[in-house]
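Trainee: I'm new to this one and would like to learn how to read it. Could we go through it feature by feature?

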Amino acid sequence: MRFFLDTANVNEIREAASLGVIYGVTTNPTLVSKEGRDFKETIMEITSIVDGPISAEVVSLEAEGMVKEALEIAAWHPNIVIKIPIIWEGLKAVSQLSKKGIKTNVTLVFNPNQALLAARAGATYVSPFVGRFTDISQDGIALISDIAEIFSIHDIHTQIIAASIRTPMDVINAAKAGADIATVPYKVLQQMIKHPLTDIGVEKFLEDWKKVPKRA
Ligand code: E4P
């Protein structure tokens with residue numbers, strides 16, 4: 001499983017990218033709005049930091065408007081992936097865009113039928129939302145494993161992005177469930193590397209190192 005960073009904050013992206021584990025970035029209108037910056041300027045700066053798939057979302061609700069927005073955004077940089085919600089009109093847009101060779105990330109997926117339809121329309125990625133599904137007492141990880149099972153049985157190559165990740169355990173469970181990618185918020189990335197025994201171990205090594213005789 002690969003990692004995307006789920007943010008539009010360029011400072012977080014720059015710092016996370018320096019770890020060498022971030023393959024791409026996902027944004028959405030909420031994440032972009034938090035930055036208080038121009039959309040294009042934000043996305044372009046992200047493409048200059050991470051050389052991988054960068055998802056940018058359209059906001060039209062009709063296929064014609066989605067395709068128009070998508071063609072404009074996709075022309076900004078070759079790494080841009082167009083994020084489209086799994087609605088009737090969204091499916092039409094995905095199918096038109098895939099015929100033009102434009103990569104899409106179908107978002108707001110909450111059941112395997114939505115994922116299957118998106119895949120058959122030519123989506124490059126589908127984004128099942130683990131956290132938001134779990135918030136309403138549903139099993140977000142079962143959603144990932146159901147989609148992974150169906151895609152495997154039918155030899156579908158659309159990649160599964162585990163989205164709406166809230167905790168490090170979501171990441172482990174999404175990996176076990178067969179997600180191709182987890183898109184993680186910066187805070188979760190920081191939490192993933194932490195372990196109290198690692199901190200205690202580092203402190204002990206440093207203390208013991210002081211006791212090693214050193215030649216002047
Ligand atoms: C990413 O593609 C999604 O838009 C994002 O993970 C949603 O996360 P949230 O449910 O925490 O807003």
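Mentor: Helices (H or I, at least four residues) and strands (E, at least two) are DSSP runs, numbered from the N terminus. This is a predicted model, in which local features need pLDDT of at least 70 and side-chain atom pairs count only at pLDDT 80 or more, while totals for chains, interfaces and linings use all residues. Residues are numbered from 1 along each chain as its sequence is written.

Trainee: Then how many residues of strand β4 are buried?

Mentor: Six of the six residues of β4 (residues 80-85) are buried, so the strand is largely enclosed by the rest of the structure. In a regular strand, side chains alternate between the two faces of the sheet. Here I80, I82 and I84 point one way from β4, while V81, K83 and P85 point the other way.

Trainee: What does I82 touch?

Mentor: Contact means that the C-beta atoms of two residues, placed from the backbone, lie within 7 Å. Leaving out residues up to four places away in sequence, I82 touches A56, V58, A70, I73, A74, L97, I102, K103 and T104. I82 also belongs to the largest nonpolar core, a set of 58 residues. Such a core consists of buried Ala, Val, Leu, Ile, Met, Phe, Trp, Tyr and Cys residues joined through C-beta atoms within 7 Å. A70, I82, A118, V126, I144, A162 and A179 touch the most other members.

Trainee: Which strands make up the barrel, and in what order?

Mentor: As a general idea, strands of a sheet pair through backbone hydrogen bonds, either parallel or antiparallel. Two strands count as paired if DSSP finds at least two bridges between them. In this model, eight strands close into a barrel in the order β1-β2-β3-β4-β5-β6-β7-β8, with parallel pairing. Neighbouring strands of this sheet are turned by 30° against each other on average, direction ignored. Those angles are taken between axes, which are lines fitted to C-alpha atoms (for helices over the stretch in contact), and run from 0 to 180 degrees between N-to-C directions.

Trainee: Can you show me some pairs?

Mentor: β3 and β4 pair in the parallel sense over four bridges, and S55 stands opposite V81 in β4. β6 (residues 125-128) and β7 (residues 159-162) are also parallel, over two bridges, with V126 opposite I160 in β7.

Trainee: What about the whole protein: how many helices and strands are there?

Mentor: There are 11 helices and eight strands. Buried residues make up 40% of the 216 residues. Among contacts between residues at least 6 apart in sequence, 55% join residues at least 24 apart.

Trainee: Which residues of helix α9 are buried?

Mentor: In α9 (residues 168-177), they are D170, V171, N173, A174 and A177. What covers them includes α7 (130-135), α8 (140-153), β7, β8 (181-184) and α10 (186-193). In α10 you'll find M192, which touches P168 and V171, not counting residues up to four places away in sequence. M192 and P168 are 24 residues apart in sequence, with their C-alpha atoms 5.3 Å apart.

Trainee: And which residues have a positive phi although they are not glycine?

Mentor: Most residues other than glycine have a negative phi. L108, in strand β5 (residues 104-109), has a positive phi of about 60°. S164, in the loop between β7 and α9, has a phi near 55°. L108 counts as partly exposed because it has 19 C-beta neighbours inside 10 Å, whereas S164 is buried, with 21 other C-beta atoms within 10 Å.

Trainee: Which residues surround the ligand?

Mentor: A residue is near a molecule or strand if its C-beta atom, placed from the backbone, lies within 6 Å of it. Around the ligand are D6, T26, N28, T107, S127, F129, G131, R132, A163, S164 and T183. This shell divides into two nonpolar, seven polar and two charged residues. Ala, Val, Leu, Ile, Met, Phe, Trp, Tyr, Cys and Pro count as nonpolar, Asp, Glu, Lys and Arg as charged, and the others, Gly among them, as polar.

Note on methods:
Buried ≥ 20, exposed ≤ 12 C-beta atoms within 10 Å, placed from the backbone.
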